[in-house]
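Look through the structure below with its aromatic side chains in mind.

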Amino acid sequence: MAGTKNHDYHILPPSAWPLIGSIAALMTTSGGVMWMHGVVGGVWVFLAGLTGILFTMFSWWADVIREAKAGDHTPVVQLHLRYGMILFIASEVMFFVGWFWAYFDFALFPAPIEWSDGAATVLQNVTSGSWPPEGVEVINAFELPLLNTFILLLSGTTITWAHHALIHGDRDSVKKGLWITILLGLLFSSIQAFEYAHAPFAFSGINYGASFFMATGFHGLHVMIGTIFLIVNLIRVYRGDFTPRQHFGFEAAAWYWHFVDVVWLFLFVSIYVWGGWGAPVHGG
């Protein structure tokens with residue numbers, strides 16, 4: 001019979017969200033550039049674009065949830081959704097590779113290259129030929145950063161507990177595990193904000209500060225995104241959306257959170273411990 005579905009794949013109906021999201025993204029970037037250049041109305045274009053992005057995300061994911069409830073997410077569709085999440089996390093890994101690359105380039109080659117146009121003199125003033133640059137006090141890796149490491153490691157165990165509880169149909173433990181993970185994520189962000197407020201070096205004017213804040217700051221942003229991801233999943237657990245056999249949204253959030261944990265371990269060892277080794281410690 002014509003039009004009869006004889007496969008396990010989900011053929012998506014036409015959707016306006018890709019077009020609306022693209023327009024909103026263009027407005028956000030354009031408005032941001034206008035805002036930074038002092039163009040009148042730039043901030044409003046930026047905010048309108050950002051609102052459009054958030055609205056698109058909410059509506060598009062709501063459609064995906066409705067598709068899952070309608071039974072469109074067959075085992076093969078769920079498998080391909082997992083492939084997509086794996087590729088997304090892989091792209092995030094490469095994003096952080098860029099910040100690690102910049103940090104290690106500054107750290108391993110602090111001496112300037114001799115350029116004829118005098119730019120090397122400026123670079124020498126920034127690096128002082130050593131890493132961390134002379135006179136720079138660093139954050140003690142074994143105080144707040146170590147505490148945050150333990151917090152994230154603990155949160156990795158609680159989200160795993162929640163995941164296993166969901167697989168075995170223990171919804172009460174799912175809620176408890178998610179609540180604890182979310183609170184630990186909020187605690188991590190609060191401690192990092194306190195650390196930033198009392199950092200002994202600035203973001204601008206020195207490549208140590210710039211590379212430090214860019215790498216750890218983007219990780220902090222990912223922690224906040226992951227926390228929101230977990231909060232959405234907690235709401236969905238209370239709504240009864242997940243089952244032991246169908247819970248890709250929860251699984252994607254758990255994978256993302258473990259990715260955030262692993263990136264922090266590399267940041268802690270590379271930037272806080274190794275990157276500040278031998279330098280004067282702030283308050284020490």
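Two rings of Phe, Tyr or Trp (for Trp, the six-membered ring) count as a pair if their centres lie within 6.5 Å; planes under 30 degrees apart are called stacked, those over 60 edge-to-face, and the rest tilted. The model shown here is predicted. By this rule it holds 30 aromatic pairs.

One of these is formed by F188 and W264, whose ring centres are 5.0 Å apart with 90° between the planes. Because an angle over 60 degrees counts as edge-to-face, the pair of F188 and W264 is put in that class. F188 belongs to helix α6, residues 171-197, while W264 belongs to helix α8, residues 248-274, so the pair ties together parts that lie 76 residues apart in sequence. F188 and W264 are both buried.

Another pair joins Y256 and F259, with 6.0 Å from centre to centre and 55° between the planes, and it is tilted. Here both residues sit in helix α8, three residues apart, which is about one turn of the helix. Y256 and F259 are buried too.

Now turn to the record. An unreviewed UniProt entry lists residues 16-37, 43-62, 83-104, 146-166, 178-199, 211-235 and 255-275 under "transmembrane region". For residues 178-199 the end C-alpha atoms lie 31 Å apart, and the span is 91% helix and 0% strand.

Methods: Residues are numbered from 1 along each chain as its sequence is written. This is a predicted model: local features need pLDDT of at least 70, side-chain atom pairs count only at pLDDT 80 or more; totals for chains, interfaces and linings use all residues. Side-chain values use heavy atoms; hydrogens and water are left out. Helices (H or I, at least four residues) and strands (E, at least two) are DSSP runs, numbered from the N terminus. Buried means under 20% relative accessible area, exposed over 50%, partly exposed in between (1.4 Å probe, protein chains only). UniProt positions are given in the numbering used here, feature names are shortened, and annotations may be inferred rather than shown by experiment.
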